[in-house]
Amino acid sequence: MEKKYGYGKQWIFEEDINEVVKVLKSDFLTQGPKVEEFEKKIADYIGTKYAVVFSNGTAALHGAYFAGGLKKDDEVITTPITFLATSNAAIYLGGIPKFVDIDINSYNIDVNKIEEKITNKTKMIVPVSYGGYPVNILKIKDIAKKYNLIVIEDAAHALGATRNGIKVGKEADMTMFSFHPIKHITTGEGGVIVTDNKDYFEKLKIFRNHGIVKDKKKLINIGEEWYYEMQYLGYNYRMTDFQAALGVSQLKKIDNFVKRRREIANIYGEAFKNIDNIKLPPDSEKNKNVYHLYPILVDKRDELYRELKKVGINCQINYIPIYKQPYYKEKFEYNIDEFKNSELFYLKELSIPMYPKLKDEDINYIIEIIIEKIKKL
């Protein structure tokens with residue numbers, strides 16, 4: 001039987017299933033106690049005061065942009081090498097994405113090119129910790145402070161990563177993590193914003209619940225006990241309790257998941273380090289990669305992608321630069337000459353299988369096939 005591998009995959013245990021079943025048999029399927037429990041455990045894990053979970057990571061980013069006060073025609077500086085949600089969620093509020101080229105060594109936004117993109121319309125800087133490698137948030141915070149900007153880190157790939165011993169999620173004004181099935185832990189679909197800012201926290205909770213305010217102290221009008229007000233145009237972005245139950249159970253395994261991802265990365269690194277046509281992903285002692293992705297840069301990427309797919313190794317390209325998408329080309333103007341590193345990266349990047357459920361024998365098989373195919377190209 002032919003072996004088949006994807007570039008990412010969830011790992012659900014029997015105890016995870018049991019925790020979900022408990023909620024399905026309880027009184028609350030949504031808006032119950034499990035959501036708050038999950039939020040508290042996420043905040044405790046990261047070390048922030050607050051966490052607000054959402055129905056997915058895109059919704060969480062939408063909420064963060066709202067909480068940060070993004071308005072029509074405000075500009076958001078980010079990277080083009082990210083999933084569409086990073087910039088799409090800004091457009092939902094009328095914001096304008098401004099892209100900065102990547103650093104070809106870290107694959108994250110080139111922090112040295114951010115300032116030249118700042119205008120009097122700039123409201124936020126939204127760096128992405130691509131693949132699980134932490135972006136240089138301290139330098140970005142210095143730039144943001146100079147221009148009075150908000151920093152929202154898209155750390156969808158980076159739950160469990162650290163910078164100088166500090167967990168990603170502690171240093172930006174707000175940070176988003178995703179719980180999509182191929183991320184470090186999963187709730188099926190889901191996302192979270194963590195923050196130490198109480199004002200952001202309260203706005204995030206209101207935004208995910210239709211813009212409704214129930215706190216008597218914050219109502220515009222005085223009403224009966226049951227009275228509530230819709231003070232903002234919010235959305236139904238709530239997470240269910242059975243999703244949160246899965247998240248609570250999965251979070252118990254995060255350290256082991258991260259450890260295994262790093263073990264796999266080390267095996268790949270040792271196997272590929274002397275192969276001329278493979279550039280390995282970044283890591284360092286100070287910035288600990290958690291390898292949501294294992295992106296290699298190779299020549300003849302398209303040919304290798306097709307050859308691997310023939311033998312059941314299904315890789316992925318992460319990502320097509322956002323400015324290449326038809327919607328963005330029609331709506332905005334971008335100068336492709338500004339994105340030389342992003343263009344080079346896109347031509348060469350290949351995300352090979354990376355998920356904790358891979359066994360050593362699987363990894364060795366994947367390595368053997370990749371080296372064999374590369375040598376024949």
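Start by selecting Tyr107, which sits in the loop between S3 and S4. You're looking at a predicted model, by the way. Is Tyr107 buried or exposed? It counts as buried, at 1% relative accessibility. Now check its backbone: phi is near 70 degrees, a positive value in a residue other than glycine. That's worth a second look, because most residues other than glycine have a negative phi.

Stay in that loop and pick Asp110, found between strand S3 (96–99) and strand S4 (122–126). Asp110 is buried yet has no salt bridge. Which side chain of opposite charge is nearest to Asp110? It's Lys113, 4.1 Å away, and a salt bridge has to be within 4 Å. The side chain of Asp110 does reach the backbone nitrogen of Asn112, at 3.0 Å. Leave aside neighbours within four places in sequence, and you'll find Asp110 in contact with Val100, Asp101, Ile102 and Asp103.

Asn148 is exposed, with a relative accessible area of 71%.

Next, rings. The count of aromatic pairs comes to 26. Select Phe66 and Tyr232: their ring centres are 5.3 Å apart and their planes are at 85 degrees, so this pair is edge-to-face. Phe66 lies in helix H3 (residues 57–67), while Tyr232 is in the loop between strand S11 (229–230) and helix H7 (241–251), so the pair ties together parts that are 166 residues apart in sequence. Phe66 is buried at 16% relative accessible area, whereas Tyr232 is partly exposed at 31%.

Compare that with Phe332 and Tyr334, a tilted pair with 6.1 Å centre to centre and 50 degrees between the planes. Phe332 counts as buried at 13% relative accessibility, and Tyr334 as partly exposed at 23%.

Zoom in on Tyr45 and you'll see Lys167 over its face, 4.4 Å from the ring centre. Then try Tyr346, where the charged end of Arg301 sits over the ring, 5.6 Å from its centre.

Last stop: Tyr319, in the loop between helix H9 (301–310) and helix H10 (326–331). What kind of peptide bond joins Asn318 and Tyr319? It's cis, with omega about 10 degrees. For context, most peptide bonds are trans.

Methods:
Residues are numbered from 1 along each chain as its sequence is written. This is a predicted model: local features need pLDDT of at least 70, side-chain atom pairs count only at pLDDT 80 or more; totals for chains, interfaces and linings use all residues. Side-chain values use heavy atoms; hydrogens and water are left out. Helices (H or I, at least four residues) and strands (E, at least two) are DSSP runs, numbered from the N terminus. Buried means under 20% relative accessible area, exposed over 50%, partly exposed in between (1.4 Å probe, protein chains only). Lys and Arg count as positive and Asp and Glu as negative; His and the chain ends are not counted. A polar contact is a pair of N or O atoms within 3.5 Å; within protein, one must be able to donate a hydrogen and the other to accept it, and residues adjacent in sequence count only if both atoms are side-chain atoms. Contact means heavy atoms within 4.5 Å. Rings of Phe, Tyr and Trp (its six-membered ring) pair if their centres lie within 6.5 Å; planes under 30 degrees apart count as stacked, over 60 as edge-to-face and the rest as tilted. A charge sits over a ring if NZ of Lys or CZ of Arg is within 6 Å of the ring centre and within 35 degrees of the ring normal.
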